[in-house]
Amino acid sequence: MEDCLFCKIINQEIPSNKVYEDEEIIAFEDISPQAPTHIQVIPKQHIARIYDVDDSTSHLVGKMTQVANKIAKEQDLLDGYRLVINCNPGAGQTVFHIHLHLLGGRTFKWPPG
Ligand code: 5GP
Ligand code: ZN
């Protein structure tokens with residue numbers, strides 16, 4: 001989609017440090033990491049918000065989770081890692097192409113800020 005930052009990363013119009021890619025999903029390092037590991041896992045299909053997921057796209061959310069788990073294992077994060085999806089500005093969503101944050105490499109507090 002035009003004017004979508006993450007679609008531009010998918011199309012390589014904007015560079016990223018990619019850590020995973022298949023036909024439906026890519027994962028890349030966050031530009032402003034909030035933990036020693038901070039990776040974005042996204043579908044190649046443009047979907048603005050997790051609220052917009054429906055029967056035709058819900059399998060992508062499962063795949064995003066599987067990819068995040070695989071990266072967590074590869075990066076030795078199995079002691080504890082956090083997967084976050086922010087939905088809408090009130091929850092902190094700033095990029096409107098769904099993305100699963102994979103955060104690890106430090107301890108995390110609960111409740112989150
Ligand atoms: P949100 O706040 O929407 O849940 O998360 C958006 C994330 O995208 C933030 O963690 C932010 O640092 C990251 N981000 C924003 N612009 C870029 C960029 O150009 N490249 C990369 N790799 N990450 C970005
Ligand atoms: Zn997009």
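Which backbone nitrogen does the side chain of H38 reach? I opened my notebook with that one, and I kept in mind that this is a predicted model.

**Entry 1: H38**

I found that the side chain of H38 comes to 3.0 Å from the backbone nitrogen of Q34. I also noted a polar contact of 3.4 Å between the side chains of H38 and Q40. H38 sits in strand β3. Its relative accessibility is 6%, and since anything under 20% is called buried, H38 is buried. I then looked for contacts beyond the neighbours within four places in sequence, and H38 touches F28, E29, D30, S32, P33, H101, L102 and L103.

**Entry 2: the largest pocket**

Next I looked up the largest pocket, whose volume is about 680 Å³. It is lined by 30 residues, and H38 turned up again: D30, Q34, H38, Q40 and H101 are the closest to the pocket centre. I listed the elements that give two or more residues to this lining, and they are α1, β2, β3, β4 and β5. Which element gives the most to the lining? I wrote down α1, with 3 residues.

**Entry 3: the zinc ion**

I moved on to the zinc ion (ligand 2) and asked which protein atoms are its donors. C4 and H46 link distant parts of the chain, as they are 42 residues apart. C4 belongs to the segment before α1, while H46 belongs to the loop between β3 and α2.

For my own reference, the ideal angle for four tetrahedral donors is 109.5 degrees.

I picked V19 in strand β1, which covers residues 18-21. V19 is partly exposed, with 31% relative accessible area. Its C-alpha atom is 8.4 Å from that of I39, though V19 and I39 are 20 residues apart along the chain. Leaving out the neighbours within four places in sequence, I found V19 in contact with A27, F28, E29, I39 and I71.

D76 was my next stop, in the loop between α2 and β4. D76 is exposed, since its relative accessible area of 67% is over 50%. Between the C-alpha atoms of D76 and G105 I noted 8.6 Å, with 29 residues separating them in sequence.

Which residues join through a cis peptide bond? I found W110 and P111, with omega at about 0°. P111 is in the segment after β5.

D3 is not a glycine, yet its phi is positive, at about 65°. D3 lies in the segment before α1, and D3 is exposed at 67% relative accessible area. N88 is not a glycine either, and its phi is positive at about 80°. I placed N88 in the loop between β4 and β5, and N88 is partly exposed at 27%.

Methods: Residues numbered from 1 in each chain as written. Chains lettered and ligands numbered in written order. Predicted model: local features only at pLDDT ≥ 70, side-chain atom pairs only at ≥ 80, totals over all residues. Heavy atoms only, no water. Donors = N, O, S within 2.8 Å, 3.2 Å for Na, K, Ca; no water. Helix = DSSP H or I, 4+ residues; strand = E, 2+ residues; numbered from the N terminus. Buried < 20%, exposed > 50% of the residue type's maximum accessible area, 1.4 Å probe, protein only. Polar contact = N/O pair within 3.5 Å; in protein donor to acceptor, adjacent residues only side chain to side chain. Contact = heavy atoms within 4.5 Å. 1 Å grid on protein atoms, 1.4 Å probe; cavity = no way out; pocket = protein on both sides within 12 Å on 5 of 7 lines; lining within 4 Å. Points joined across faces, edges and corners; volume = space filled by probe spheres on them.
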